[in-house]
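I opened the notebook to record a few look-ups, one entry at a time. The sequence and the model go in here.

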Amino acid sequence: MNLADEVERRDALSVAGNRPIHLAIGMFDGVHLGHRSVIEAAVVSARRTGGVAMALTFDPHPSRVLRPEAAVPLLMPAETKAQRLRMLGAEAVITERFTPEFAAVEAEEFVPMLQRAFPRLKGLYVGDNWRFGRGRRGDVALLQQLAKAAGLSVFSAPRVSLDGEPISSTRIRAALAAGEIEEANALLGYSYRSETRVVPGRKLGRTLNFPTLNMGWEPECRPALGVYAVRIGRGGDDQLDRSGVANYGLRPTVENAAEARPLLEVHVFDGAVSWGDGDRLAVEWCHFIRPERRFAELEALKAQIAQDAETAKQWLGKSTD
C-alpha cells in the first residue's frame, strides 16, 4: 500500500524540493512538551543539514479502529494539531488515514513504505515509547535496525517528565477532566485553547447584567464542567488581548440538565465587544474557579457570577504581574 494521502504527499514533496527530508512521526495529540522534543529535533537537524522538517501524523486515533468500544477522545481536531506542528517548525504536515488496512501493515514493511512515499527521506524522529506495525510489534530498536539497513538515521527522544511523572496525552486528558487546568497547561507547554464560532443564545446573561458570547464548541475530550478565568480574542491570533470569565456546563439553574448539552459561555470584561454571531474566536483556559452547580433562584446565580468575575479578574491580574 502507499503511505499518505496523495494530494498531501505531493504538496509535501513540492515543499521539500531537492532537500533531504527529516520526518517526525507520531499521533501528537495535544502537541505537548514531550511531542515538542521530537519535532524540534527534526527541525534542528533539518536546519543543520539544509533539509526540510516534516511531521507525519494519523487520523483517526488508532483506538477508534482497533478498540472502538474504548475510543480515545482527542485533545484537539486534526486541523488545530497541524497548525501547532507548523508553529514548531514543521514545513509540511502529512495526515495518514488510520484504517484497518494500515493497521495490518507488518512492522518490517513500514520503513520501505516511508521511503516509497518520501524518496528523499534522510532521518526519522520519534518518541522512545513509539510503536508501529501490526499488533504494535515494532519498537524503537526495530526501527533503528530497519533504518540502518535503509541508510536512514533515527532519533529517539527520551520521555519528558513533570513533577516526576512522564508527560503524556493521557495525563493531560485526566487533568482536564478533573478541572486541573493549570496542570494541563503546564504539561502542554501553552494554555489550553478552544477555537470556534459564536452562535445565537437566549440572551439570558443580559438580564443578569453579565452578557455572554455563546460558543458552538463540542470537543471530543471535555474539560470539567464549571467556571474558568479565560482570555479571548480573534481565532488565529497568537495573543488574546481580552480577559473574561467562562462557564462550561449544562446550566442547571435555567435548563433541564438531563436534556442539555454542555455550552461554553464567555463574559468579556472591560466594556462591550464588537464580536457577534458567526465570528470565530479563540479562548484560552487559564484557571478553574469552581464546579458548576444549581442555584435555587436567579438572584443567587447573579451574585455568584459577580463573585466569579472578581475571582477571575484577580487571578488574571496576578498572572500578568
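Which residue follows α7, and is its phi positive or negative? I found that G151 follows α7 and that its phi is positive, near 80°. Helices (H or I, at least four residues) and strands (E, at least two) are DSSP runs, numbered from the N terminus.

Ground rules. I am reading a predicted model, in which local features need pLDDT of at least 70, side-chain atom pairs count only at pLDDT 80 or more, and totals for chains, interfaces and linings use all residues. Residues are numbered from 1 along each chain as its sequence is written, and side-chain values use heavy atoms, with hydrogens and water left out.

Entry on α7. This helix covers residues 140-150, and I listed V140, L142, L143, L146 and A147 as its buried residues. Buried means under 20% relative accessible area, exposed over 50%, partly exposed in between (1.4 Å probe, protein chains only).

Entry on α8. In residues 169-177 I found S169, R171, I172, R173, A175 and L176 buried. Their cover includes α2 (33-49), β6 (161-162), β7 (165-166) and α9 (181-188). G179 follows α8, with a positive phi near 80°.

Entry on H267. I located H267 in strand β12, residues 263-268. Its relative accessible area is 13%, so H267 counts as buried. The H267 side chain reaches the backbone oxygen of P211 at 2.9 Å. Leaving aside neighbours within four places in sequence, I have H267 in contact with F210, P211, T212, S243, G244 and V245.

Entry on the cavity. I found 1 cavity of 30 Å³ or more. A cavity is a set of points on a 1 Å grid over the protein atoms alone where a 1.4 Å probe fits but cannot get out, and lining residues have an atom within 4 Å of a point. The largest cavity is lined by M27, D29, F58, D59, L74, M76, P77, A78 and K81. β2 (52-59) and α4 (78-87) each supply at least two residues of that lining.

Methods. Polar contact = N/O pair within 3.5 Å; in protein donor to acceptor, adjacent residues only side chain to side chain. Contact = heavy atoms within 4.5 Å. 1 Å grid on protein atoms, 1.4 Å probe; cavity = no way out; pocket = protein on both sides within 12 Å on 5 of 7 lines; lining within 4 Å. Points joined across faces, edges and corners; volume = space filled by probe spheres on them.
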